[in-house]
Every structure is written in C-alpha cells, then in structure tokens.
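Trainee: Could we go through this model together? I have a handful of things to ask about it.

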Amino acid sequence: MTTTDSTTADRIRRNPGHHRVLTGDRPTGPLHLGHYFGTLQNRVELQRLGVELFVVVADYQVLTDRDRADNPAEHAENLVLDYLAAGIDPDRATVFAHSAVPALNQLLLPFLSLVSVAELGRNPTVKDEIAHSGRSTVSGLMFTYPVHQAADILFCKADLVPVGQDQIPHLETTRTVARRFNERYGPVFPQPEALLSAAPLLLGTDGGKMSKSRGNAVPLGATEDDTARLLRAATTDADRRISHDPEHRPGVAGLLQLAALCLDRTPEDVAEEIGDRGAAALKRLVTEAVNEYFRPIRARRAELAADRGFLRDVLRNGNERANKVADTTLAEVREAMGTA
Ligand code: TRP
C-alpha cells in the first residue's frame, strides 16, 4: 500500500481485520487517472489486504455548489462502474449512495449541534470551493457538508479514510465530532485517521492539478484514441531536451509523472530516455504507457458497462447493507443521547 505513513501501513498489514475503511466520491462525472493513482489504487490494495471497505457515492454532496444534480442515478451507476473496473470487489466492499441511507442522514442533526458556526466557516477546503464556485450565494449545505461527511465516516465506525490532501480539514471535523459526541454522551465513535496516498498529486494536461472541472483530465474509461488525443493536446514547451522540472516545466513534468506511474519508473529516468527528442516523443511514450497500463481495467470496464442491471444490483445490495449498519449505529446514538 502506498501511504505517506509507514507505521500505519504496517499496523494495517499486521491486523487488517481490525480496521474498517470508508471513502467515497461525488458522482459528478467520470473518474480520471488522478483518482486512480491518488486513491482508487490504495482502496483496492486495502481490500486485497483484507480490510473491510465502505465506499459512498456522495450524491447529496453534489448539491453543495449547484442547484440540482443532472441525471443523478446515471452518474451514480457510472461511478460504480469506475469503482468495479478499478478493482473494487462488490462481493467484499459495500458501495452505497447517501440518499438511500436515511439513518446515516439522520446523524447529521445531532452532529451539527457539536460544531460551531465559526468552526464551519474556517474550513479551508470549503472556502476554496466557495471561491471557485462562481456563485453569488453560498448554500447552507456548502458550510455543513463536512459534518455530513463525518456522518458518512462515523455511521459505519470507520477508522481509516484514504483521501487526498484537500480532505484533511473534513477529517479534522470528523474527529472533532466523534470526540465531542463521546465526551457528551459516552463512547460510541472511533477517532478516524486519514490515509494519505504516497503518490504525488497527479498533474493534468495543462500542468495544473488533474481535475474534472478544469478539463485537463484523462478519464479512466477513455478509449486509446481519446487518450492519445488528450495527451497530444497537453501543454508543453519548445525546449526539445526533456527534463524533470515541475516548477518551471509543469506540463512536461505532468507527462513524465504519468509515464513514471504507469511504468513504475522515476520521472527523471523517463526524461533521460527521451533526451533531446522533444515533447512529441514524450507524448507518444506517455500515451503508450497509459494505454498499456489501463488496457485490462478498460476491458473490464467495457464489459461491465454493458450490464446496467448489474451495476444497479451492486448499488442496491450496498444500500441494503449500509442501511443495516446505519440503523444499528443510530440506535446506539439514540440510546447514548437518551432520545426516543
Ligand atoms: N468530499 C469528497 C470529495 O469531494 C467525497 C466524500 C464524501 C468523501 N463523503 C466522504 C470522502 C467520506 C471520504 C470520506 O471527493
């Protein structure tokens, strides 16, 4: 497993059955290679080690920065498709949607009572998302979704959360909610830890962070031709001698990094191989490396994509299981709080 924290990794390897992982994504569009190397690979590795995996299709969280979600059910199924293609095993993992688990959502109310408005307003990821939303008003959900995310994590008492750096403030909120709940009402929740991927932030074809909304991403499910086209259009520079210099040559560095991840080599090594043959040669190499690496994943994805009924079943079974777990936790919460 690639995590920045080797003692946690060792602890998990020694006793995988003692841990539970929850993570998830907003169903807003296809997952891309940044998701794959940033978190999907880690989830699959944790599953292989024998850790129980919960994955939330965060459909309510989509509504933080838009008025309505278009085709939410279709987006949810496509997210499940990307998960399964990447190697998440529906027989072992619980893949479910927010909107299908009422007891999870009910935890939001007592949890909201445990944080102050000032704390909610200080969350740097939320501030950043507000700044990038381009909207003149900010919804209440935008400020409170980190507490909802705490419910995602705590309803199943997950202790490990594999996420990217931007999710760290939300994990702090989750830990605060768990701690204060336990102090006020008695011990119910664990203190979950973030598992940060050791893979560096994947750069997109414009040299910025790879992201759906920036239009610089290579989707996991892209065809080989699409992949070639997207990578051919990547921003590079006129210097024919290829070097790994993320600060001054972010576009080139992004391509080198992607090739390095697919080939299990270092970016410097790949740069050395291209030498002074220029960006076009580098793009050809990266395209081949990506297409080769993702060929089996894409083949599996194409097979699964043909069976929408199966994707719906996976989600239905996951929802059912998540509901059982959430009902149990909510009963404990009511008991601890002394409510009906
Ligand atoms: N906020 C996460 C994202 O935007 C998605 C998410 C929702 C999540 N609930 C979660 C991640 C719980 C980890 C744990 O990518």
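Trainee: Which helix holds A228?
Mentor: First, a friendly word on the ground rules: this is a predicted model, where local features need pLDDT of at least 70, side-chain atom pairs count only at pLDDT 80 or more, and totals for chains, interfaces and linings use all residues. Residues are numbered from 1 along each chain as its sequence is written, and side-chain values use heavy atoms, with hydrogens and water left out. Helices (H or I, at least four residues) and strands (E, at least two) are DSSP runs, numbered from the N terminus. On that basis A228, within residues 224-232, belongs to helix α9.

Trainee: Is A228 buried or exposed?
Mentor: Buried means under 20% relative accessible area, exposed over 50%, and partly exposed in between (1.4 Å probe, protein chains only). The relative accessible area of A228 is 17%, so this residue is buried.

Trainee: How many Å apart in space are A228 and T144?
Mentor: Along the sequence, A228 and T144 are 84 residues apart. From C-alpha to C-alpha, the separation in space is 41 Å.

Trainee: Which residues come nearest to the ligand?
Mentor: Near means that a heavy atom of the residue lies within 4 Å of the molecule. There are 14 residues around the ligand, and those that come nearest are R26, Q61, Q149, D152 and Q167.

Trainee: What percentage of the ligand's exposed area does the protein bury?
Mentor: Accessible areas come from the Shrake-Rupley method with a 1.4 Å probe; for residues, only the protein chains shown count as cover. Taken alone, the ligand exposes 370 Å², and the share buried by the protein is 89%.

Trainee: What is the phi of K157?
Mentor: Most residues other than glycine have a negative phi. K157 lies in the loop between α7 and β4, and at 27% relative accessibility it counts as partly exposed. K157 is not a glycine, yet its phi is positive, at about 55 degrees.

Trainee: Where does D264 lie?
Mentor: D264 is a residue other than glycine with a positive phi, near 55 degrees. Its relative accessible area is 72%, so D264 is exposed. Its place is the loop between α10 (250-263) and α11 (267-274).

Trainee: How many Å apart in space are D307 and L81?
Mentor: D307 is in the loop between α12 (278-305) and α13 (308-337), and at 41% relative accessibility it counts as partly exposed. D307 and L81 are 226 residues apart in sequence, while their C-alpha to C-alpha distance is 9.8 Å.

Trainee: How many disulfides does a search of the whole structure find?
Mentor: A disulfide is a pair of cysteine sulfur atoms within 2.5 Å. C156 is buried at 1% relative accessibility, and C262 is buried at 11%. Across the whole structure, the number of disulfides found is 0.
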